[in-house]
Amino acid sequence: MVIVDPHGHLLPLSRAARGAAGRTGSWRTKKPLLNESRCVGCLVCWLFCPENTIDIVEVDGKSMPRIDYEYCKGCGVCAQVCPTKAISMVEEGG
Ligand code: SF4
Ligand code: SF4
């Protein structure tokens, strides 16, 4: 399977279908918070999110991640793979 990243590159990858596991955000205990000032728009978080809950939006000509909290399950993979530590995991409701 081939998917197309937001810059139009063809990637030989499959992606999870968003919502395939239900509204995972309803049982999340921690959530990822993005510090936009640290984000370099590399898309690594988008690539590795196992729930496909990260969208890429254009902000001032730069690709930025936007997390869909309805389906984010709070696994922390995005925070672990981010090379600039732009994502931190915080307690839900905190
Ligand atoms: S991995 Fe980090 S630096 Fe790269 S787009 Fe995601 S938040 Fe931004
Ligand atoms: S914590 Fe990050 S990697 Fe995990 S589901 Fe949420 S957005 Fe995706």
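Trainee: Where does leucine 11 lie?
Mentor: Strands are DSSP runs of E with at least two residues, and helices are runs of H or I with at least four, both numbered from the N terminus. Leucine 11 sits in strand β2, residues 10-11. This is a predicted model, where local features need pLDDT of at least 70, side-chain atom pairs count only at pLDDT 80 or more, and totals for chains, interfaces and linings use all residues. Residues are numbered from 1 along each chain as its sequence is written, while chains are lettered from A and ligands numbered from 1 in the order in which they are written.

Trainee: Is leucine 11 buried or exposed?
Mentor: We count other C-beta atoms, placed from the backbone, within 10 Å: 20 or more is buried, 12 or fewer exposed, and in between partly exposed. Leucine 11 counts as exposed because it has 12 such neighbours.

Trainee: And which class does glutamate 51 fall into, buried or exposed?
Mentor: Glutamate 51 has 22 C-beta neighbours inside 10 Å, so it counts as buried. You will find glutamate 51 in the loop between α1 (44-48) and β4 (54-59).

Trainee: What is glutamate 51 in contact with?
Mentor: Contact means C-beta atoms, placed from the backbone, within 7 Å. Leaving aside neighbours within four places in sequence, the contacts of glutamate 51 include Ala16, Arg18, Tyr71 and Cys72.

Trainee: How many residues make up the largest nonpolar core?
Mentor: A nonpolar core joins buried Ala, Val, Leu, Ile, Met, Phe, Trp, Tyr and Cys residues through C-beta atoms within 7 Å. Here the largest has 11 residues, among them Trp46, Ile54, Tyr71 and Cys72.

Note on methods:
Contact = placed C-beta atoms within 7 Å.
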